[in-house]
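Please walk through how this structure is put together, beginning with the contact between its chains and then turning to the parts within one chain.

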Protein chains: 2
Amino acid sequence: MPQNQQILLDNRPEGEASAANFKLVSTETPPLQDGQVLVQHHFLSLDPYMRGRMNAGKSYAQPQPLGAVMQGGIVGEVVESKNPRFQPGDKVVGMGGWQQYSVVDANQPGALRKVDTTHVPLSHYLGAVGMPGVTAWYGLVKIIAPKAGETMVISAATGAVGSAFAALAKARGCRVVGIAGGPDKCKYAVDELGFDACIDYKLHKDAGSLSKALKDACPDGIDGYFENVGGMILDAVLTRMNAFGRIAVCGMIAGYDGAPLPITYPALILVNRLKVQGFIVSEHMEIWPEALAELGQLVATGKLRPRESIAQGIEAAPEAFLGLLKGRNFGKQLVKVN
Amino acid sequence: MPQNQQILLDNRPEGEASAANFKLVSTETPPLQDGQVLVQHHFLSLDPYMRGRMNAGKSYAQPQPLGAVMQGGIVGEVVESKNPRFQPGDKVVGMGGWQQYSVVDANQPGALRKVDTTHVPLSHYLGAVGMPGVTAWYGLVKIIAPKAGETMVISAATGAVGSAFAALAKARGCRVVGIAGGPDKCKYAVDELGFDACIDYKLHKDAGSLSKALKDACPDGIDGYFENVGGMILDAVLTRMNAFGRIAVCGMIAGYDGAPLPITYPALILVNRLKVQGFIVSEHMEIWPEALAELGQLVATGKLRPRESIAQGIEAAPEAFLGLLKGRNFGKQLVKVN
């Protein structure tokens with residue numbers, strides 16, 4: 001049986017997360033039982049939601065248990081199978097977590113899914129054609145429900161969710177404006193991802209200044225906003241929302257360390273008759289097939305060409321994850337482990 | 001022609017509104033043109049939304065013009081008519097504003113509506129069977145969409161909107177909890193309005209304390225919240241919302257003087273996948289007939305027995321209005337003018 005390097009959650013962060021919260025260990029993979037499959041992980045997915053699960057407090061999901069392998073999505077390859085539906089060599093997507101191998105009870109619904117890599121690179125099943133892509137799809141299609149000609153805005157614009165959002169919104173005839181950190185990301189958003197404009201929030205030190213930049217980039221106001229960040233960015237966007245605007249709340253990464261992250265003028269929700277709605281994509285499995293079909297098509301036809309940041313080796317996962325929380329990644333953050 | 005005492009908006013408030021913002025004048029009512037009706041006002045309606053219109057800034061409605069009669073709903077009686085659809089003696093609802101008489105072009109759609117006072121007292125057409133009642137109906141039925149057995153909460157519980165909300169929610173099999181200021185209002189909410197419990201917010205000096213009281217009053221959490229106030233009350237309610245809860249934002253009276261009124265933990269919108277939606281009932285005229293029919297039935301059958309605070313004389317309107325903004329009214333605030 002192969003040696004399996006794993007990253008465990010060793011202790012919970014107090015305030016900001018740090019590398020000291022994690023621990024690298026090595027174990028031997030156990031022999032397979034009937035129905036089980038041994039998956040060699042190629043890429044681990046790193047996603048902001050994982051930060052929330054590191055806390056002990058109440059959230060929408062159970063906290064990540066202490067001393068257990070960090071949970072998360074993976075793509076990889078079946079190397080051994082005692083399940084008739086899977087053969088060695090099959091490319092799969094699963095929830096194997098931060099380790100090099102996982103043993104999966106493949107009879108459990110949704111535990112492991114075979115994917116076709118003819119037109120879509122395997123790693124994209126963790127990004128544009130995976131959970132982040134479906135997240136963009138749900139927020140845009142089911143909550144914002146855009147009409148052609150409307151203006152859509154998204155924060156964390158060059159990330160896995162943002163790039164999918166841009167392609168999906170352009171396909172619906174919208175103007176799409178991104179908010180990202182730094183000139184390189186903004187240039188990339190416009191040149192490569194199809195954004196009509198992108199605002200560098202690092203150039204703005206308060207909501208008033210960012211609000212002016214939004215006015216220039218969105219001359220007809222904002223009809224739909226996809227929230228990944230919270231804080232000053234949400235405050236600024238609220239001042240530019242049109243009447244009957246819709247805000248899909250997917251994340252508030254700026255507040256994941258536990259400090260309050262107030263909205264300064266919630267009365268704008270009333271003044272502009274806004275709908276502000278939080279959602280978690282894993283609670284809406286019924287829309288995944290439709291969303292994945294559209295996203296796969298956009299990738300296969302070159303209309304969605306997402307960028308990836310790839311950290312090398314399982315031991316690099318904690319630092320890559322902490323960088324993601326600071327916005328140091330550029331595109332979907334992955335870890336290559338095998 | 002009769003003399004007509006009027007209250008004008010003389011100047012705009014800076015911060016808190018005061019009696020010095022208003023001016024009482026007297027004019028003669030002009031002779032009627034064809035199609036016009038002279039209405040003698042019996043009651044003026046005082047409503048929190050009027051405070052927003054006193055400001056010059058952008059809001060959902062045009063600001064109240066300076067030097068013009070304060071706008072607002074009235075009930076009264078036709079005293080002279082050059083319109084074949086109206087006869088002297090007809091009881092009517094209109095938007096005549098803060099004055100003793102109005103001349104109405106009764107051919108304009110929606111300008112004047114005849115009402116039946118057989119089962120519903122005339123003044124109730126400004127409250128339970130008028131705009132405030134329909135406001136409660138829209139927020140409850142169209143935004144919150146309650147299920148039997150769910151828990152509903154409303155702030156400003158004994159006001160015109162709150163009392164209608166309680167009757168409508170009880171009719172749908174919900175537990176209904178009010179938030180009001182002072183022991184008299186809370187006792188009245190439970191004894192007379194059908195609330196299952198009512199919390200006196202004046203006993204709580206911060207959101208944490210109010211949150212504990214909400215936990216006791218709402219042992220199964222909160223599924224729907226109707227927001228009239230904002231500030232600390234909204235913060236406290238957010239901590240007790242159940243997953244997939246709905247918040248109808250109708251008013252934020254605590255912020256009408258222009259100071260920011262932050263939400264401290266908007267991340268709860270995400271954590272609990274809430275829907276928070278602002279609305280203005282005048283934009284949904286299509287639901288008024290259905291809503292008014294149900295509200296009229298609740299009043300006629302004694303299931304909704306709303307309380308009124310009646311100020312005497314047109315000159316009392318400014319102080320009564322300022323009292324309303326401070327929560328000094330008890331039930332629907334009216335002014336008896338003729």
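**Between the chains and within one**

Strand 13 of chain A pairs with strand 13 (residues 275-278) of chain B in the antiparallel sense, over three bridges. Strands (E, at least two residues) and helices (H or I, at least four) are DSSP runs numbered from the N terminus, and two strands pair if DSSP finds at least two bridges between them. In strand 13 of chain B, Gln277(B) stands opposite Lys275(A).

This is a predicted model, in which local features need pLDDT of at least 70 and side-chain atom pairs count only at pLDDT 80 or more, while totals for chains, interfaces and linings use all residues. Residues are numbered from 1 along each chain as its sequence is written, and chains are lettered from A and ligands numbered from 1 in the order in which they are written.

In the interface, 27 residues of chain A are in contact with 27 residues of chain B; contact means that the C-beta atoms, placed from the backbone, lie within 7 Å. Helix 7 (267-271) and strand 13 (275-278) of chain A each supply at least two residues of the side that touches chain B. The interface residues of chain A are, at 100%, also interface residues in chain B, so the copies meet through the same surface.

Chain A itself is divided into domain 1 (3-127 + 306-336) and domain 2 (131-282), with bounds from an automatic or database domain assignment. Their C-alpha centres lie 28 Å apart.

Key. Contact = placed C-beta atoms within 7 Å.
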